[in-house]
Amino acid sequence: MCGIVGYIGIKEAYPILIKGLRRLEYRGYDSAGCALISEKDGALNVYKAKGKVSDLAKTAEGKDVSGTIGIAHTRWATHGVPSEANAHPHISQSGNITLVHNGIIENYATLREQLKGRGYTFNSETDTEVLVQLIEYVMVSNNVDLPTAVRNALNQVFGAYAIAVIDKRSPDVLVAARKSSPLAVGIVNDCSEYVLASDASPIAEYTNQIVYLNDEEMAIIERGKELRVLKLNGETSNAEVKEVNVDLSMLDHDGYPHFMLKEIFDQPNVLKDCMRGRIVESPYSHEPQVILSAVTNNRRQLLQAKRIVIVSCGTSWHAGLIGKQLIEHFCRIPVEVAYASEFRYSDPVIGIDDVVMAISQSGETADTLAAIQLAKERGALIFGIVNGVGSSIARESDTGTYIHVGPEIGVASTKAFTGQVTVLTLLALALGMAKGTVEQEEYETTIKELMLIPDKIKKILEQNDKIAKIAQTYTYAHNFLYLGRGWNYPVALEGALKLKEISYIHAEGYPAAEMKHGPIALVDAEMPVVFIATHHTLYQKIVSNMQEVISRHGSIIAIVTEGDEQVKGMVKEVIELPETLDCLDPLLSVIPLQLLSYHVAVAKGLNVDQPRNLAKSVTVE
């Protein structure tokens with residue numbers, strides 16, 4: 001949530017800031033703003049608008065947007081309603097200093113009252129304005145420069161933050177800092193320019209040389225000089241430069257009307273990327289085998305693990321439920337799946353014999369990050385499964401695996417889910433083989449079938465127009481039920497979540513057999529029910545559940561295996577999937593549910609990529 005962009009260098013900053021904000025729109029926001037130190041007269045020009053980046057661009061049109069240093073922000077409201085007054089950047093009382101901020105200052109109310117007592121007035125409801133006023137107070141009362149004032153002020157605040165600060169009296173300096181909220185600095189043209197951002201997407205066009213700030217670090221970025229990174233206690237910190245390559249084509253619609261649809265159709269290719277280099281031919285049998293460096297390098301700890309605890313949120317939690325079944329099936333290790341938001345408040349029993357596995361698309365999810373920090377303190381091995389290269393969770397983990405599906409811009413996660421399930425499958429196979437808990441024949445058969453999944457997804461995507469037509473019928477609905485069993489129960493949860501996220505239709509996922517324990521009371525002619533009824537070991541039981549809905553006049557959409565004549569004869573709406581192994585079924589059965597939710601939302605005329613009230617990366621509690 002929220003997005004920061006900053007620039008200092010030799011180019012005009014405004015175009016870079018606006019383009020950067022557009023790269024960050026996927027994070028979710030309700031207002032936008034930018035601040036520039038004018039090249040013409042040295043004035044600090046701040047422009048803000050409620051709404052989209054396009055509204056900000058209209059506000060700034062025809063005004064002085066000159067300058068080679070500036071900061072910009074997209075805000076997701078926490079303290080204070082969405083408004084121009086509450087939008088960032090915020091300005092100090094003197095009008096000299098301006099600041100953008102992601103996160104929450106928890107002791108802002110106390111600080112606000114203290115500053116009011118010293119003559120400061122406030123123009124917004126935000127916690128952020130308190131911080132910029134505090135920085136000015138520290139600077140004036142202690143007669144220190146901007147970097148020192150920022151450092152001293154941050155030592156007085158509690159909470160989470162990523163900030164960027166400029167002072168019109170020091171037009172060659174930009175100060176940035178972070179704690180529990182991501183911030184990256186791109187080094188351009190051998191330090192002649194710097195681009196600052198919440199993630200790599202606004203930076204990638206200019207450089208692949210990126211420094212990710214760690215918690216309680218600040219960057220002093222001076223025009224034409226080497227980057228300096230300090231800890232908040234004043235000690236110098238090493239600025240580790242990482243080479244990060246982002247496929248810029250994935251940051252564009254590429255002819256699709258929405259990023260979500262593009263990312264659904266990306267899945268055949270990105271899953272091949274996810275498997276590339278990890279499934280190789282055995283030099284002995286010439287059969288495929290899974291090689292994961294995370295397993296090879298941590299073999300003893302993983303083999304001796306008495307328990308695995310998966311911590312995650314939202315879609316990643318659903319992937320974790322499938323991961324539990326995969327690991328328990330192939331590795332015979334007990335697995336628990338916990339909501340990261342509840343984990344650290346439940347006084348969890350975690351020890352040195354446990355592996356805590358964090359799953360997060362962004363690698364910045366605040367609750368998941370806090371969960372693994374707690375588990376690390378208690379001696380557990382931390383295994384990260386993330387998409388965001390160089391992200392906080394990736395850096396905090398002892399080991400792990402990237403899913404390598406490329407940037408995911410649509411707020412409703414699609415390709416990240418299938419990438420996570422693919423990596424969990426690879427992990428379970430590699431670990432199961434190392435433990436000797438999977439038979440060679442099942443191991444090889446599963447790998448071969450996994451390699452066929454991308455082409456089978458392509459075949460499902462050929463039904464896009466059919467699914468769009470089905471979706472038109474259900475825009476009237478106020479409620480949906482999604483039902484599945486076994487491997488497909490988590491897919492039912494995920495399908496329901498997708499529909500809720502982007503169509504604003506209430507939907508619930510259940511194990512199909514649990515329908516009789518309450519939800520069946522809701523079933524009538526107005527209630528669409530999605531059954532995931534592929535040919536697996538519980539197929540006939542699902543069909544029986546389907547009969548119960550039919551007898552109550554429920555409207556059924558059935559996801560079935562190709563050639564299923566039994567269900568075709570029972571219900572009107574049928575979407576067929578290629579046959580696969582039970583354990584890989586979620587990688588196929590989720591695809592039509594992604595498409596169904598997308599097309600229902602489009603038919604309702606909704607903003608698919610930026611649904612209301614949601615942010616792509618939840619970086620605050």
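This is a predicted model: local features need pLDDT of at least 70, side-chain atom pairs count only at pLDDT 80 or more; totals for chains, interfaces and linings use all residues.
Residues are numbered from 1 along each chain as its sequence is written, and side-chain values use heavy atoms, leaving out hydrogens and water.

H16 covers residues 489-503; helices (H or I, at least four residues) and strands (E, at least two) are DSSP runs numbered from the N terminus. The 15 residues of H16 reach 21 Å from first to last C-alpha, close to the expected 21 Å, where the expected span is 1.5 Å times one less than the number of residues. H16 is mostly covered, with 13 of its 15 residues buried (under 20% relative accessible area, 1.4 Å probe, protein chains only).

## Packing of H9 on H16

Helix H9 (residues 314-331) packs with H16 at an angle of about 170°, the axes being 9 Å apart. Axes are lines fitted to C-alpha atoms, for helices over the stretch in contact, and angles run from 0 to 180 degrees between N-to-C directions. H9 and H16 are therefore roughly antiparallel (angles over 145 degrees).

On H9 the contact (heavy atoms within 4.5 Å) involves residues including Trp317, His318 and Leu321, and on H16 residues including Leu493, Glu494 and Leu497. The contact residues divide into seven nonpolar, four polar and two charged. Here Ala, Val, Leu, Ile, Met, Phe, Trp, Tyr, Cys and Pro count as nonpolar, Asp, Glu, Lys and Arg as charged, and the others, Gly among them, as polar.

## Packing of H1 on H2

The axes of helix H1 (residues 13-23) and helix H2 (residues 53-60) come within 10 Å and cross at roughly 160°, which makes H1 roughly antiparallel to H2. Tyr14, Ile18, Leu21 and Arg22 of H1 meet Val53, Ser54, Leu56, Ala57 and Ala60 of H2. Seven of these contact residues are nonpolar, one is polar and one is charged.

## The seven-stranded sheet

Seven strands form an open sheet in the order E5-E6-E7-E8-E12-E13-E14, with antiparallel pairing (two strands pair if DSSP finds at least two bridges between them). Strands E5 (90-91) and E14 (236-237) stand at the edges with a single partner strand each, so one side of each lacks a neighbour in the sheet. Strand E8 (residues 173-179) and strand E12 (residues 217-222) run antiparallel and are joined by six bridges; valine 173 has glutamate 222 of E12 as its bridge partner.

Helix H4 (residues 127-142) packs on the sheet, touching E5, E6 and E7, and its direction makes about 130° with that of E6. Helix H5 (residues 146-154) lies across E6, E7, E8, E12 and E13, running at about 160° to E7.

Note on methods
Angles under 35 degrees count as roughly parallel, over 145 as roughly antiparallel, 65 to 115 as roughly perpendicular and the rest as oblique. Buried means under 20% relative accessible area, exposed over 50%, partly exposed in between (1.4 Å probe, protein chains only).
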